[in-house]
Amino acid sequence: MTDQRELLSRQHALADFGEFVLDSDDLQAVLTEACRIVAGALQTDYAKILEIEDGEGSVLVRAGVGWHPGIVGHQRIPLGVRSSEAFAIEQCEPVVTQDLATEERFDFPSFMTDHGVVALVNVPILLPGRKAFGLLQVDSRVPRAFEEDDIQFLRTYAMVLGPVIDRLNKLRDLARTTERFRLIVEHAQDYAIVLTDAEDRIVDWLPGAEAVFGWSKEEVLGQSAAIMFTAEDRAAGLPEREIATARREGKVADVRWHVRKDGSRVFIEGQATAMRHPDGSFAGFMKIGQDVTRRVHGDEALRNSETRLRLAVETAQLGTWDWDMATDTIEWSDVHYTLSGYDVGEVVPSYAAWSSRLHPDDRAATEHALAQARDRREVFVAEFRNRHPDGTILWCSARGQFFYDEDGRPIRMIGAMRDVTERREWEERQQVLIHELQHRTRNLMGVVRSTASRTMAASADLAEFEARFVHRIDALARVQGLLSRLGSNDRIAFDKLLTSELSAVFGEAERVTFEGPPGIRLRSSVVQMLAMALHELATNAVKYGALRDPQGSLHVTWQLEPDGPGNMPWLHVDWRERGVSIADPNGAPRGTGQGRELIERALPYQLGAKTRFRLEPDGLHCTMSIPVSASIAVEEDDLPDPRSGL
């Protein structure tokens, strides 16, 4: 049994704790001091306070003395079926274990046995209303039978702790609420918050009011709140009517222009609310208003902008739509009807009316793009074809934006589309031209590569290669010049190609004669190789053949066989040189190397031509038969007369 001196010591402990609580608002410090005092009063090795964790099924070692680092504030004890802590909380009574080694009712956490705990007592800590906060737990490292006086002391101590914890928690919550309110008030610079008394005189002027109206708190305290009203509103008695309505109905809207300290105007959107004391007596008014001046000016500017936009849309021939998804109603502009293939007012605008005019090949992709833009909150962008009842196909480019409510549901969509048929047709023509250019470029590169290779093989040195290669590249350049001046459906005529090549190589018309029909059109794929062959023949004739010797002559004839091999038109060319010796004094033929290889091997391989190259006693005789374009019609006025020489 506890002696008188020990009882007195415990009373002093309670008094010391009470004095500490009066000087401290720090809950953690209070709980730690409580553990220190109770451990000293009961002369135990350890003491701790366990706090119930909501929804976790455990208690946290919230405070304690004597424990190793890492226990207080971190260690948790599960509230299982064999937990002495759970049993004490459930019974709301102290639970004593005199010796853990012989205790059969409960299991104990390993950290307690690691600390050498042998005996303990759990005392519930109850907040006002008998709500359990947790446990006061005292631990001993020797077996101990906690006596009734010990238990009663701990119960008394726990009863003191409960209200203290409740008060400090409320102070903490109040401090947090006060701090949040302070932060809101100080940072809500767009909101004017003003408190007035029963006579509507200003008694509090929060920072937002100073930011909105310009007056400092010292300048307005005690003045009538009517100073914020415009002169015309004061003359009309609006301030008095406003507070009378608020007093009668509890609150009144305050949405109008007000004045600032500097005389400028500010549009306030808010309300005045009557305030009453707990006993129901009238206390005054609280006025809260937001500065929406920019929005009001923006609304006015928007109205003016909408007028200008309407004129711009009509001028640009944009088909606009405004889809109210909540009511599933749509508004179309007149141009929208036209682009969709309807007469204005012919149908009630609807999603079905629009989608039914989409080209079948475009419908799925367009509707998918629309759904994707809606679900991903992206801008709707699409190009599609509209098929009109008369068979007209119109390309349209559309762009739209969805709008959503606070729950993220789409409620509106606005957009516009325009006719881009002409642009799409130009793009298609451009693609054709690009493909043709790529094809011609590949062919040209192949010819250049082949020309370089053959010229190199036939040249004795670099100087000879350069001379020959430059002449042949010039021939290609002349062909490219002819091709570049053609339209997409034009073709180069054979006689124009022939006269162009001979004009570049040889300029004496009286020694050259032509005979054949004008205007035979050549495929682009044929022109380059045939031009190179003609260039080789002409160059060879100038350097070694009929156009070198004064007595020599050249006669070129051609004819078209409309139904040639393979049921295609074939061009037959006969190149005949006369009046020239074809051998040098040593008997070797002159000028028959690369040109002959081109005619006898390259033309048949690349063009499917049939060629013959013979060196006769008085000059070269070459024949070429080449498949040509099935369309041979050209304007003869655009071509030189092939029988008139060069």
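Figure 1. Ile-49 stands opposite Ala-63 in strand 2. The model is predicted: local features require pLDDT of at least 70 and side-chain atom pairs pLDDT 80 or more, whereas totals for chains, interfaces and linings use all residues. Residues are numbered from 1 along each chain as its sequence is written, and side-chain values use heavy atoms, with hydrogens and water left out. Strand 1 (residues 46-53) and strand 2 (residues 58-65) run antiparallel and are joined by seven bridges; strands (E, at least two residues) and helices (H or I, at least four) are DSSP runs numbered from the N terminus, and a pair of strands requires at least two DSSP bridges. The hairpin of strand 1 and strand 2 has four residues between the strands, and Gly-55 takes a positive phi near 75° there.

**Figure 2. Strand 1 beside strand 6.** Strand 6 (residues 131-140) is antiparallel to strand 1, with six bridges joining the two. Within this pairing, Ala-47 stands opposite Val-138 of strand 6. Strand 1 is largely enclosed by the rest of the structure, because six of its eight residues are buried (under 20% relative accessible area, with exposed over 50% and partly exposed in between; 1.4 Å probe, protein chains only).

Figure 3. Most residues other than glycine have a negative phi. Asp-200 is placed in the loop between strand 7 (191-196) and strand 8 (202-205), and its relative accessibility of 3% counts as buried. For Arg-377, phi is positive and near 60°. Arg-377 belongs to the loop between helix 13 (360-376) and strand 14, where Arg-377 is partly exposed at a relative accessible area of 48%.

Figure 4. Strand 14 (380-387) pairs with strand 15 (residues 393-404) in the antiparallel sense over eight bridges. Val-381 has Arg-399 of strand 15 as its bridge partner. Five residues lie between strand 14 and strand 15 in their hairpin, and Gly-391 has a positive phi near 95°. Strand 15 also pairs with strand 16, again in the antiparallel sense, over nine bridges. The bridge partner of Tyr-404 in strand 16 is Pro-410. The hairpin of strand 15 and strand 16 has five residues between the strands, and its turn includes Gly-408, with a positive phi of about 85°.

**Figure 5. A nonpolar surface patch that includes Ile-411.** Phe-403, Ile-411 and Ile-414 together present about 230 Å² of accessible area in a nonpolar patch on the surface. Patch residues have over 30% relative accessible area and no salt bridge, with nonpolar side chains joined within 5 Å and like charges within 9 Å; a salt bridge is a Lys or Arg side-chain nitrogen within 4 Å of an Asp or Glu carboxyl oxygen. Areas follow the Shrake-Rupley method with a 1.4 Å probe, only the protein chains shown counting as cover for residues. Ile-411 is found in strand 16 (residues 410-419) and is partly exposed, with a relative accessible area of 34%.

Figure 6. The largest cavity has a volume of about 150 Å³. A cavity is a set of points on a 1 Å grid over the protein atoms alone where a 1.4 Å probe fits but cannot get out, and lining residues have an atom within 4 Å of a point; points are joined across faces, edges and corners, and volume is the space filled by probe spheres set on them. The count comes to five cavities of 30 Å³ or more. Of the 14 residues that line the largest cavity, Trp-321, Trp-323, Tyr-351, Trp-354 and Leu-370 lie nearest its centre. Elements giving two or more residues to this lining include strand 12 (319-324), strand 13 (329-332) and helix 12 (351-355).

Terms used: 1 Å grid on protein atoms, 1.4 Å probe; cavity = no way out; pocket = protein on both sides within 12 Å on 5 of 7 lines; lining within 4 Å.
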